[in-house]
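Hi everyone, thanks for coming. Have a look at the model on the screen, and I'll walk you through it.

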Amino acid sequence: MANEEDDPVVQEIDVYLAKSLAEKLYLFQYPVRPASMTYDDIPHLSAKIKPKQQKVELEMAIDTLNPNYCRSKGEQIALNVDGACADETSTYSSKLMDKQTFCSSQTTSNTSRYAAALYRQGELHLTPLHGILQLRPSFSYLDKADAKHREREAANEAGDSSQDEAEEDVKQITVRFSRPESEQARQRRVQSYEFLQKKHAEEPWVHLHYYGLRDSRSEHERQYLLCQGSSGVENTELVKSPSEYLMMLMPPSQEEEKDKPVAPSNVLSMAQLRTLPLADQIKILMKNVKVMPFANLMSLLGPSIDSMAVLRGIQKVAMLVQGNWVVKSDILYPKDSSSPHSGVPAEVLCRGRDFVMWKFTQSRWVVRKEVATVTKLCAEDVKDFLEHMAVVRINKGWEFILPYDGEFIKKHPDVVQRQHMLWTGIQAKLEKVYNLVKEAMPKKPDGQSGPAGLVSGDQRVQVAKRQAQQNHVLLERELQRRKEQLRVSTVLPGVRIKEEPMSEEGEEEEERAAEEDEEPMDTSPSAGLHSRLANGLPGGRPAGGDSFNGHPPPGCAGTPVARELRAFVEATFQRQFVLTLSELKRLFNLHLASLPPGHTLFSGISDRMLQDTVLAAGCKQILVPFPPQTAASPDEQKVFALWESGDMSDQHRQVLLEIFSKNYRVRRNMIQSRLTQECGEDLSKQEVDKVLKDCCVSYGGMWYLKGTVQS
């Protein structure tokens, strides 16, 4: 007791187990380097992996301008490896050893004792490591130099005359037939070192793309190191009762287990179900029922269960369709499984079932032939999809099995908003995979049932009042502007403010801009989709408090919504200096998904409001001259860049952006010469590499602004 009093508990930290990257997380151990330098500062030229062998090769650039670099030695090594003539197959195209290869080796085969830990806000999140690899410098270029040397010696020894005589000599060939290989001989051959080396060499390399520390995809993947259910819903491994811990320490003997009756795997009583963790209960119920209203789920779980915990758990295993919850496709078709009818892999089945679910977010009815035509799946698989969530009607098609649940939609608008963003991402993937034409995307029919298509008289009155308030605000602003002009002309009688008459085209442009400002932000690639019933979101319900489309009226720059949006835009462009409107909207959706329910940004942000905030944050729109045959969407053709960040690279970046305002793609030597002309001769290679890394990507020997390359 005395020892415990002398050593009190200072802090208790909750530990969570994150499993999103459990089968994908590797730890790379690099050679010793200066503490001031990170490997993100070194340009990664290429990376490739052999997944079965867990073997990785990285190619990194060498700073040839460093005073510690011996240029004469680098030129000598390049000459020994490639010879005097440089071609496409040369290892060092610059005739200088300017890159180095690192090859990996496994430190241990058992990584079950190792995990990556992330400490955030008083919580410790652990992710198991799938492999630990040590990267060491590879000297394969020396082997290539030795081979070149041997070839030159052989060429010098053999003369032209001897080669002619050798070609004229006739050699006798002896043909032998090998005996059948015995089983023992085959086993010895398979276990031999040469056979294993040959098998390892036959595994093809898979080329990888490296993302830097500040890249948006790196930040997105880094979020998976955090446990998705920090409330304890998913962390059943770290939350055990005393009886469960005792069972783990002293498992029952095999004889006792054999005495127990064996029950079918799909049969589970409600009493047994309620002994499981809440996450497992929800998953089992949804996997068996497949479609269920939220009220029915709460009645099955019991009155003592917290509804908010159930809401968090249900979103991990199901998607919202017409106000009801439908189990996710990857729950029914797990990885490495296949169709019992056609043998199609689980990935293709999940994609086809997601298409059927998405169709039901647009309409009450789905035609099986249309689904089969788009997904290219067999009739039995399509029928299974439809039977999970619909019933067939003669001469009509398949109707969604449950009625529209408007009560849940009204009660949980934050959940509906999150589900709408998830469906937007799924829709974008489906359009790319199935080559769906945007103009041909289905719209909500007039006869669709459910309260989403109904607008009551009170709602119309409220909308009219809001429009009147907006018109009043605009009239007040116009009156204030005229008073200001009158005051200036009174104070300065010699100064006359000239007002240009607005042409008809200018009036039409202003009206069009005002109409666009009234539209809420369309984060989906298809602008023709009707969003009134997307994942059950009713179109008659206003999302905000000051305007019908959800975002504040013009002129409210000091509102909390505007301040939050401005902070997001500034932080985003400080990390990524060039973004298309499409990529910015994708990052904004990820930001919304990470916010708590009821946050002020859920009120709705329009495209116009987002673009105005970007321009107000010190950014400029770069009018990139896209080619006429480009496949880029209108949002992908709107490119914004941070013009001034306050660092030494502002001038270099501005010159680079001016180059891309006249050219869609540029060669590096043109960029180098233009930067040297504008910024002086003392411009170093590191400064050019930095501005290219911040703003551009290389593809096919040409440089493009980020987000504009179309492969």
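The chain holds 28 helices and 20 strands. Here helices (H or I, at least four residues) and strands (E, at least two) are DSSP runs, numbered from the N terminus. This is a predicted model, where local features need pLDDT of at least 70 and side-chain atom pairs count only at pLDDT 80 or more, while totals for chains, interfaces and linings use all residues. Residues are numbered from 1 along each chain as its sequence is written, and side-chain values use heavy atoms, with hydrogens and water left out.

Now, how much of the chain is buried? Of its 711 residues, 35% are buried. Buried means under 20% relative accessible area, exposed over 50%, and partly exposed in between, with a 1.4 Å probe and protein chains only.

Let's go inside. A nonpolar core is a set of buried Ala, Val, Leu, Ile, Met, Phe, Trp, Tyr and Cys residues joined through side-chain atoms within 4.5 Å. The largest one has 57 residues, and Met-286, Ile-314, Trp-325 and Phe-360 have the most contacts inside it. Helix H15, residues 346-362, gives this core its largest share, eight residues. There is also a second, separate core of 52 residues, with Phe-573, Met-609, Phe-626 and Leu-642 among its members. As background, in soluble globular proteins nonpolar side chains tend to be buried together.

Let's zoom in on Phe-360. Leaving out residues up to four places away in sequence, Phe-360 touches several others, including Val-321, Trp-365, Leu-386, Met-389 and Trp-398. A contact means heavy atoms within 4.5 Å. Across the chain, among contacts with a separation of 6 or more, 69% are between residues 24 or more positions apart.

Next, a sheet. Three strands make an open sheet in the order E1-E7-E6, with mixed pairing. Two strands pair if DSSP finds at least two bridges between them. Which strands sit at the edges? They are E1 (14-17) and E6 (115-120), each pairing on one side only. E1 and E7 (residues 123-128) run parallel and are joined by four bridges. In that pair, Asp-14 stands opposite Glu-123 in E7.

Last, the cysteines. Cys-70, at 43%, counts as partly exposed.
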